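Colleague: I would like to learn how features of a model such as this one are read, one at a time. Could we go through them together, with the general idea before each case?

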Amino acid sequence: MAESAPLAARRSGRLIAHLWMVLGVIVVAFPVYYVFVASTHSLQTILRPPLPLLPGSEAVRNYSEAFSGGVSRIGGVSLWRLLANTTIVAMGIALGKIAISMASAYAIVFFRFPLRMACFWLIFITLMLPVEVRIQPTYKVMVDLGLINTYPGLILPLIASATATLLFRQFFMTIPDELLEAARVDGAGPWRFFKDILWPLSLTNVAAIFVIQFIYGWTQYLWPLLVTNSNEMNTIVIALKKMVSFADADTPWHLVMVTSVLAILPPILVVVLMQRWFVKGLVETEK
Amino acid sequence: MARILLNDVRKSYAGTQVIHGINMQIADGEFVVIVGPSGCGKSTLLRMVAGLEAITSGTVEIGDKVVNDLEPRQRDIAMVFQNYALYPHMSVRENMAYGLKIARMSKAEIDSRVAKAATMLELEPYLDRKPRALSGGQRQRVAMGRALVREPAALLLDEPLSNLDAKLRVQMRLQIKEMHLRTGQTTLYVTHDQVEAMTLADRLIVMNKGVAEQIATPLEVYQRPASEFVAGFIGSPAMNIFTVSAADGRVTLPGGAVLPLPVPRGGDLRLGLRPEHMRMAEPGEAAIPVVLRSVERLGADAFGYGMIEGSDVSFVLRLPGTSTLDRGDRVEAVPDPAHLHFFDPESGKRIEG
């Protein structure tokens, strides 16, 4: 009896913990679920409250309508085009950020040059400046360069990343000096050291940063809104906003919900696929 | 393979000199060990030869070529690091082949060299493993292999055995010695372990505070240490060194006992006596009176640790393994006159008698 009492207490404690977490999941997941439910009902059902809690029977019709011109009728651009635009922008931002932040972290950690620490602090300080603060000059530069309504215009201003630079810097600093020296003795120059040793060792970090930055790029709102005025260049988030800017009754909510679901899916896909991949990487280096 | 020439090599960090002018010529195929306590500059000296540290002044020549301003890869050297510094994402084979690949050697040549080194180091079963799946000793052998496949002019080893356990260290020490005999590679080896230094070296550089105290063969360093520092550093247990006042073929010991010894000069001197160069006094013979505080029995030998009677100078002497002496006993030791070491109390330099 004396032994089973704490055990029972532990079990009930665990039960409470689980209930609490399940509650958390419900709170977070319910709106997403509701978006999905709404995307499977007809516009009439959605407009007549209350919205059912279970998926309806209109899923196939709504989705095929959205892909076969429903969205382009409202937004003036096809759903395919929106997804392609957003993918290009998100990939561009994620890869660009990785390229730039790795290069700058590499320079700061492994090279001695005048004003090295000044450069580091400069990068560090830009952490404190959100995109919004410098948005007017950035916009002006983009206009002058003729990059309005282009992919570079959407991507370039967002690819400098102090956060990623700091993360790579921290990681590079954990690489033992002897590894660099061994590579130097083996005859590897700076480029080979990066390509043959630093890059393979950084892959798990790259994967993690890619996931974070892909989602960051995918969900960008303010900048794409400013720098595009042709519907052809819209990202899916902007298109969503444009779709609901009509009077409530005129908004084709079923198509909005389909578009929302499709806006959520790719980031989830990236997280799921990359997670499996970088967990494998983590396990390998840990062993 | 090549000789290495160090010509008044100095190193300063921000104005503080840490290496004070080392001169040495290492012959082709010679095995030279740099030994000294931590912080004596031995690793810095090796890294200057490797090209990993800039040389403040003086020149380093490898194979008749001044290499001061050359990158490590241009110096035709290979190096083994204390923590091995294996590339964690590469297999054993790739680790060994990496330097050769960069040198654009043909695939066939790389394979044959790696195979040869793997055979010599008994690494064949592990060629496709990653370093993390290897034991410490195996990793150490991979690091050796990576250096050997290069067939460099000079092989540089920076405390390669200090991360291994005692048994493995002895084993690897023998293997390194054997490998050197087989390859005849000019080798520069840094260690703080005097046993490694004594057993491996053709010649030793004993370093202290950035100065080469003595450059000589292990036996010469043992028999005729050039300074009090060398005398105390080489030998185990360490040499007894204490101040005596000398006059007319006699020395007065701390504690007042007087001992007839052939002294090189009068006045205060530092006298060095190795624990193993001592015998028990005959009755009535002038001797060093020692009160034992503990006796370490190692089987073949025993070492008695104590104080010179009437002083606070500690004294060690070797006793037969069968000795029944114990804590609190008083012994009288007579030094072997063939193994006396006198040092100048000011400079610490050896005084020839």
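Modeller: Let us begin with contacts: two residues are in contact if their C-beta atoms, placed from the backbone, lie within 7 Å. Before we apply this, note that the model is predicted, that local features need pLDDT of at least 70, that side-chain atom pairs count only at pLDDT 80 or more, and that totals for chains, interfaces and linings use all residues. Residues are numbered from 1 along each chain as its sequence is written, while chains are lettered from A and ligands numbered from 1 in the order in which they are written.

Colleague: How many residues of chain B are in contact with chain A, and which elements of chain B give two or more residues to that side?

Modeller: On the chain B side there are 18 residues in contact with 15 residues of chain A. Elements are DSSP runs numbered from the N terminus, with helices (H or I) of at least four residues and strands (E) of at least two. Those that give two or more residues to the side of chain B touching chain A are strand E6 (77-80) and helix H2 (92-102) of chain B.

Colleague: What is the make-up of that side of chain B by class?

Modeller: The classes are set by residue type: Ala, Val, Leu, Ile, Met, Phe, Trp, Tyr, Cys and Pro count as nonpolar, Asp, Glu, Lys and Arg as charged, and the others, Gly among them, as polar. The side of chain B that touches chain A has 13 nonpolar, 3 polar and 2 charged residues.

Colleague: How is chain B divided into domains, and how far apart do the domain centres lie?

Modeller: Domain bounds come from an automatic or database domain assignment. For chain B this gives domain 1 (4-232) and domain 2 (240-351), with C-alpha centres 38 Å apart. In the contact between them, 8 residues of domain 1 of chain B meet 8 residues of domain 2 of chain B, and the domain 1 side has 4 nonpolar, 2 polar and 2 charged residues.

Colleague: Which domains are assigned in chain A, and how many residues does each give to the contact?

Modeller: In chain A the assignment gives domain 1 (4-38) and domain 2 (77-286), whose centres, taken over C-alpha atoms, are separated by 34 Å. Here 4 residues come from domain 1 of chain A and 5 residues from domain 2 of chain A; the side of domain 1 that touches domain 2 has 4 nonpolar, no polar and no charged residues.

Colleague: Which residues touch the most other members of the largest nonpolar core?

Modeller: In soluble globular proteins, nonpolar side chains tend to be buried together. A residue is buried if 20 or more other C-beta atoms lie within 10 Å of its own, exposed if 12 or fewer, and partly exposed in between, the C-beta atoms being placed from the backbone. A nonpolar core is then a set of buried Ala, Val, Leu, Ile, Met, Phe, Trp, Tyr and Cys residues joined through C-beta atoms within 7 Å. The largest core has 103 residues, of which Leu156(B) and Leu188(B) touch the most other members. Not counting residues up to four places away in sequence, Leu156(B) touches Leu46(B), Val49(B), Ala50(B), Ile77(B), Met79(B) and Leu188(B). Another core, of 25 residues, lies apart from it and includes Ile155(A) and Val227(A).

Colleague: In what order do the strands of the sheet with 5 strands stand, and which are at its edges?

Modeller: Strands pair if DSSP finds at least two bridges between them. In chain B, 5 strands form an open antiparallel sheet in the order E15-E19-E16-E17-E18. Strand E15 (278-280) and strand E18 (314-320) of chain B each have a single partner strand, so one side of each is left without a neighbour in the sheet. Within this sheet, strand E16 (residues 288-297) and strand E17 (residues 301-308) of chain B pair in the antiparallel sense over 7 bridges, and Ser294(B) stands opposite Tyr305(B) in E17(B).

Colleague: Where does Asp64(B) lie, and is this residue buried or exposed?

Modeller: Asp64(B) lies in the loop between strand E4 (57-62) and strand E5 (65-66) of chain B, and has a positive phi of about 65° although it is not a glycine. Asp64(B) counts as exposed because it has 8 C-beta neighbours inside 10 Å.
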